[in-house]
Amino acid sequence: MQTAKNTILKITPEIKKQIIKIIDERIKQAHVTKEDFSELKAIVKDLGIKTAELAEAQKRTEERVEELAQAQKRTEERVEELAQAQKRTEKRVEELAQAQKRTEEALTILTREHGITRKMLGGLSLTVGYRLEDEAFKALPQLLLENHGITVKGRLKRAFIKDKKNRDIE
């Protein structure tokens, strides 16, 4: 038996040619040409530019989002202010409604009391009028005689007449 050390393999020129052919094909498949590398570099460079542009766009977007967040915050603050103003307005309207009610109640009382005052004043007017007439009845005969030469015979008295609505008029 021979050992593997002592075994010598002989490659024929035909086998050698086939081996080289297989190796060349493998190298061609795995081999990167200068054009391939240049093209790859251009793609990487283009990707770098696009990445920078995207990063800048992202930065602008983040800035705009921050501006919008601030605007939203201001809007919410203004809405809160408006809500508070609305509450104050509603409270004031309620106060005004209560004041209106008190005014109406006071006006009702005043109107009623005014009617009473007018009645009392009317009574007072009649009383003063009758009293003046009484004094005039006493002084009139003398005045008529002195100023106009007219002598009154008998006693003067009040007479009432009816108006168109059938009311007594003096």
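Tutor: Start with Arg131 and Glu135, which both sit in helix H2, four residues apart, or about one turn of the helix. Salt bridges with shared partners link Arg131, Glu135 and Lys138 into one network. Between Arg131 and Glu135 the closest N and O atoms are 2.7 Å apart, and the two residues form a salt bridge. In general, side chains of opposite charge can pair when their charged atoms come close. Arg131 has a relative accessible area of 47%, so it counts as partly exposed. Glu135 is also partly exposed, because its relative accessible area is 34%, and buried would require a value under 20%.

This is a predicted model, so the confidence belongs next to the geometry. Within the protein, mean pLDDT is highest in H2, at 92, and lowest in strand S2 (residues 168–169), at 57. The protein as a whole averages a pLDDT of 87, and 89% of its residues score at least 70.

Helix H2 covers residues 34–148. Its axis bends by about 40° at Ala139, and a proline, Pro141, follows within four residues. After the helix comes Gly149, with a positive phi near 70°.

Asp46 and Lys50 both belong to H2 and are four residues apart, which is about one turn of the helix. Their side chains meet in a salt bridge with an N to O distance of 3.9 Å; the cut-off for a salt bridge is 4 Å. Asp46 is partly exposed, since its relative accessible area is 36%. Lys50 falls in the partly exposed class because its relative accessible area is 42%.

The other pair is Arg92 and Glu95, whose side chains form a salt bridge at 3.4 Å, N to O. These two residues are separated by about one helical turn because they lie three residues apart in helix H2. Arg92 has a relative accessible area of 47%, so it is partly exposed. Glu95, at 33% relative accessibility, therefore counts as partly exposed. The structure holds six salt bridges, among them the pairs Asp46 with Lys50, Glu95 with Arg92 and Arg131 with Glu135.

Now the setting. The protein has two helices and two strands, and from the N terminus on the elements run α-α-β-β. Of the 170 residues in the protein, 1% are buried. The protein exposes about 16500 Å², and carbon and sulfur atoms supply 59% of that area.

A nonpolar surface feature can be set beside the charged pairs. Ile11, Ile15, Ile19, Ile23 and Ile27 form a nonpolar patch on the surface, with about 450 Å² of accessible area together. Ile19, one of these residues, lies in helix H1 (residues 13–30).

Note on methods. Residues numbered from 1 in each chain as written. Predicted model: local features only at pLDDT ≥ 70, side-chain atom pairs only at ≥ 80, totals over all residues. Heavy atoms only, no water. Bend = angle between axes of the 7 residues up to and from the residue. pLDDT = per-residue confidence, 0-100. Patch = residues over 30% accessible without salt bridge, like charges linked within 9 Å, V, L, I, M, F, W, Y side chains within 5 Å. Areas by Shrake-Rupley, 256 points an atom, 1.4 Å probe, with all protein chains shown as cover. Buried < 20%, exposed > 50% of the residue type's maximum accessible area, 1.4 Å probe, protein only.
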